[in-house]
Amino acid sequence: MFGPIGMQEMLFIMAAALLIFGPRKLPELGRTLGRGMAEFRRATSDLKRSIDVELDEEKRPPPPRRIDKSKKAAASEGSRKTAGADDSKKAGESGARTPSDPAA
C-alpha cells in the first residue's frame, strides 16, 4: 500500500511525529508539506512542458515565407516609374550630352 514501508513502520512514524510535533502542529505541518509537494509537481511539469515545446520547435521546419503578390506587383511597378523619371532627371540636370544631341 505504501511501497517498501510496511504498516508497522508507518504507525511508528505517525506516533513519533505526534510525539515530536504535538496534536496542534501536526495538521499544519501536513498541509504545509502537501502544498510544497503540489508546488514541486507543478514546477516540474511546467519545466518538462517547456523543454518539450523547445525540442518540438527545433524539429519543426521553419514556415514558408508568404509573399503578397499585390504588394510585390505594386512595388515593382513603382520602381519602374521612379527609375525612368530618375534617368531623365539625371541627364537633364547634370548637363551631360547624349549621343543623339547634335551639339556633341
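Predicted model: local features only at pLDDT ≥ 70, side-chain atom pairs only at ≥ 80, totals over all residues.

Residues are numbered from 1 along each chain as its sequence is written, and side-chain values use heavy atoms, with hydrogens and water left out.

Searching the whole structure turns up two salt bridges, meaning a side-chain nitrogen of Lys or Arg within 4 Å of a carboxyl oxygen of Asp or Glu. In one of them, R42 pairs with E39, with 2.8 Å between the closest N and O atoms. Both sit in helix α1 (residues 7-59), three residues apart, about one turn of the helix; helices here are DSSP runs of H or I with at least four residues, numbered from the N terminus. R42 is partly exposed at 48% relative accessibility, and E39 is partly exposed too, at 45%. Partly exposed is the range between buried (under 20% relative accessible area) and exposed (over 50%), using a 1.4 Å probe and protein chains only.

R49 and D46 make a salt bridge as well, their closest N and O atoms 3.1 Å apart. These two also lie in helix α1, three residues apart, about one turn of the helix. D46 counts as partly exposed, at 42% relative accessibility.

Now for the greasy spot: I5, F12 and I13 make a nonpolar surface patch of about 310 Å². Patch members have over 30% relative accessible area and no salt bridge, with nonpolar side chains (Val, Leu, Ile, Met, Phe, Trp, Tyr) joined within 5 Å and like charges within 9 Å; the areas come from the Shrake-Rupley method with a 1.4 Å probe, and for residues only the protein chains shown count as cover. I13 belongs to helix α1 and is partly exposed, with a relative accessible area of 45%.
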